[in-house]
Amino acid sequence: MSTDTPIVLLGEREAVRPRVREAAQRPTLGRFVLTLIALFTFAFLYVPIVVLVLFSFNSARTGAVWQGFTLQWYERLFNNPRILDAALNSLIVALVSTAASVVIGTLMAMAMERYRFRFQSVWDGLLYMPVIIPEIVMGISLLLFFAAIRLERGLITLIISHVAFCMPFVYLTMRARLADFDRSLEEAAQDLGADEWTTFRRITLPLLMPGIVSSALLAFTLSLDDFVISFFVTGVGSQTLPVYIWGQIRRGITPEINAISTVMLILSFVLVSLSHALQQRTSAR
Amino acid sequence: MMQALREHPSLRVAALMAPGAFWLLLFFLAPLTIMGVISFLSRDAQGFPTPPYTLENYLTIVRDIRFAPSLSFEGGLHVRLFEGLYLDLLWRSIWLSLLSTLLTLLLAFPVALFMAQLPRRYRNLALFAVMIPFWTNFLVRTYALQFMLRANGPINTLLRALGLPPLELIFTPTAVMIGLVYGNLPFMILPLYTSLEKFDWTMMEAAHDLGADTWRAFTRVMLPLISPGLVAGSILTFVPAIGSYITVDLMGGGRTNLIGYSIAQQFSASVNWPFGSALALVMMVIVTIAAVLYFRSARGTQRVLI
């Protein structure tokens with residue numbers, strides 16, 4: 001009996017599922033309230049963002065009264081050398097630290113997933129820590145560290161710090177991908193006479209590629225968005241875009257900030273769309 | 001060299017681990033250690049660390065405390081336990097972060113439940129709608145909320161146009177609470193949804209068939225099965241809340257102090273590196289306790305995080 005029951009249960013479960021989904025979608029009072037709260041929450045999330053975007057096209061210098069459509073704030077944005085410098089800094093830091101953390105994080109994930117060695121659980125815990133501890137602690141400790149070793153703050157310190165907080169995210173993503181990895185494909189390649197390097201290059205790497213790309217997008221977004229840590233490790237001439245925006249907000253609201261925020265929103269939108277499309281493609285396979 | 005790597009797995013492990021281990025030890029663990037050492041140093045005239053070693057920074061935190069429980073309603077419900085500047089600050093930070101986590105959960109759970117029950121097509125769309133704020137710059141989002149709530153912002157302009165009295169929202173404790181919930185909502189919705197999406201609804205049916213009412217089925221069947229998402233979401237909300245700097249500054253104008261903001265102040269406005277380090281270390285201990293609780297209750301469910 002004990003061997004038969006699960007099979008029977010499984011069969012029944014599949015048969016029952018559509019009926020339950022239908023039941024869940026039957027209009028009831030509970031469902032109505034649920035929908036209402038969900039719509040309210042989505043509105044709460046989106047209204048401020050949409051309003052901000054709208055007002056970046058408002059010609060009024062101050063206040064929140066609509067006075068007509070304009071693109072002048074964007075024009076000023078793209079003619080402001082300090083903003084362009086900050087954007088360039090952000091881009092350099094994000095590209096370099098993404099490349100470094102993807103390589104380092106993937107290698108570490110391979111070691112941790114495929115081998116058993118001493119102090120492995122210590123490393124595992126250590127790799128989780130940057131994800132868990134508040135950004136502000138990490139930013140301050142790095143500030144103290146760079147002060148102690150007398151390394152002048154600038155692009156170098158920014159890149160070092162960004163790799164430190166991006167790499168664990170890459171590691172976690174890649175470790176999850178590697179856990180799903182079908183190793184029999186590698187064994188098949190080796191049985192057919194491929195050496196380890198060829199196996200890695202022709203089998204392992206291509207199969208890991210979707211994971212590598214999505215963890216790279218993750219690291220790139222994290223780096224581009226970071227404010228708190230960058231704020232503490234940035235130098236005078238090496239402000240990133242979020243640090244520059246912060247300085248402007250502290251001085252008072254201007255339509256230029258709305259415009260630059262809109263540009264950053266669009267950038268996030270593009271990055272999310274990319275990684276979402278990628279995920280859909282991978283899961284469809 | 002390739003020959004050696006091929007023959008000795010331990011060498012291969014070392015080669016794979018070396019760059020990451022180097023980075024973690026030098027640029028994560030060493031800075032934290034230095035921060036720990038500095039927290040035991042004295043401050044010089046400018047507020048920078050200097051010998052001799054002292055316990056003064058930690059003593060300041062617990063100095064002059066009296067256990068004096070009281071209840072007040074400023075900034076949401078605030079249960080005071082202690083009098084004494086820094087211990088009260090610590091307790092208030094924990095309390096307000098927990099409160100914001102609970103409020104976030106109350107909004108996020110219906111959303112996640114709603115999303116999980118949508119037909120597949122709409123589910124992907126809804127997921128995308130949560131991913132956008134999840135990945136949008138936190139500073140920009142908080143700024144957008146500040147813009148909405150300002151004295152002459154869109155909400156008050158609208159109220160005035162309707163002949164209603166404007167609301168005093170910005171730079172209040174309430175604004176900080178709204179800001180924390182707003183900022184952290186996506187970090188709660190996404191893990192909750194991930195758990196709920198995997199949830200097998202026939203389980204609820206089975207519980208009902210076996211005589212459980214809806215509440216009992218929810219607490220005894222659904223809650224345990226979605227707990228990884230629940231715990232992950234709570235951690236992802238609680239930790240940024242207690243360490244929050246942007247929200248406290250932009251929404252509270254620095255008037256509602258939380259420990260994360262207070263720490264940053266020791267490194268900018270009022271320079272006192274040793275004391276700031278001590279506060280940071282205390283906060284790390286609090287967060288580590290929260291994290292240990294997380295790993296205890298969600299072992300092997302790391303995929304919920306990402």
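This section describes the fold of the two chains, the contact between them and selected local features, as found in a predicted model.

Chain A contains 12 helices and 0 strands, and along its sequence the pattern reads α-α-α-α-α-α-α-α-α-α-α-α. Of its 285 residues, 38% are classed as buried. Where contacts in chain A involve residues at least 6 apart in sequence, 78% of them link residues at least 24 apart. Chain B has 13 helices and 4 strands. Among the 306 residues of chain B, 45% are buried. For contacts in chain B with a separation of 6 or more, the share from residues 24 or more positions apart is 63%.

Chain A falls into two domains, domain 1 (5-55) and domain 2 (74-284). The centres of domain 1 of chain A and domain 2 of chain A, taken over C-alpha atoms, lie 33 Å apart. The contact between these domains involves 4 residues from domain 1 of chain A and 4 residues from domain 2 of chain A. On the side of domain 1 of chain A that touches domain 2 of chain A, the residues comprise 4 nonpolar, no polar and no charged.

The contact between the chains takes in 70 residues of chain A and 73 residues of chain B. Within the side of chain A that touches chain B, helix H2 (residues 29-55) of chain A provides the most, with 12 residues. By residue class, this side of chain A consists of 54 nonpolar, 11 polar and 5 charged residues.

The largest nonpolar core has 154 residues, and the members that touch the most others are A:Ile140, B:Ala108, B:Ala112, B:Ile189, B:Leu192, B:Ala280 and B:Met283. The greatest contribution to this core, 15 residues, comes from helix H8 (residues 173-198) of chain B. Domain 1 (5-55) and domain 2 (74-284) of chain A each supply at least three residues to the core. When residues up to four places away in sequence are not counted, B:Ala112 touches B:Ile189, B:Leu192, B:Tyr193 and B:Leu196.

A:Ile140, listed above among the core members with the most contacts to other members, is also one of the buried residues of H6(A). Helix H6 (residues 135-148) of chain A has 14 residues and spans 20 Å between its first and last C-alpha, close to the 20 Å expected at 1.5 Å a residue. Because 12 of the 14 residues of H6(A) are buried, this helix is largely enclosed by the rest of the structure. The buried residues of H6(A) include A:Glu135, A:Gly139 and A:Ser141, along with A:Phe145 and A:Phe146.

A:Arg150 follows H6(A) and is located in the loop between H6 and H7 of chain A. The phi of A:Arg150 is near 55°, a positive value in a residue other than glycine. A:Arg150 counts as exposed because it has 6 C-beta neighbours inside 10 Å. A positive phi, near 65°, is also found at A:Phe119, likewise a residue other than glycine. A:Phe119 belongs to the loop between helix H4 (81-114) and helix H5 (120-132) of chain A. With 8 other C-beta atoms within 10 Å, A:Phe119 is exposed.

A:Cys166, in helix H7 (residues 155-179) of chain A, is buried, with 28 other C-beta atoms within 10 Å. Leaving aside residues up to four places away in sequence, A:Cys166 touches A:Ser97, A:Thr98, A:Ser101, A:Ala219, A:Leu222 and A:Ser223. A:Cys166 and A:Leu274 are separated by 108 residues in sequence and by 19 Å in space, C-alpha to C-alpha.

Two helices of chain B were examined for their span. Helix H6 (residues 138-149) of chain B has 12 residues and extends 17 Å from its first C-alpha to its last, close to the 16 Å expected at 1.5 Å a residue. All of H6(B) is buried, 12 of the 12 residues, so this helix is largely enclosed by the rest of the structure. Among its buried residues are B:Arg141, B:Thr142 and B:Gln146, as well as B:Phe138 and B:Leu149. Helix H10 (residues 214-242) of chain B has 29 residues, but its end C-alpha atoms are only 35 Å apart, short of the 42 Å that a straight helix would reach at 1.5 Å a residue. H10(B) has a kink of about 60° at B:Ser227, shortly before the proline B:Pro228.

Definitions and conventions. Residues numbered from 1 in each chain as written. Chains lettered and ligands numbered in written order. Predicted model: local features only at pLDDT ≥ 70, side-chain atom pairs only at ≥ 80, totals over all residues. Domains from an automatic or database assignment. Contact = placed C-beta atoms within 7 Å. Nonpolar A, V, L, I, M, F, W, Y, C, P; charged D, E, K, R; others polar. Buried ≥ 20, exposed ≤ 12 C-beta atoms within 10 Å, placed from the backbone. Expected span 1.5 Å × (residues − 1). Core = buried A, V, L, I, M, F, W, Y, C linked by C-beta atoms within 7 Å. Bend = angle between axes of the 7 residues up to and from the residue.
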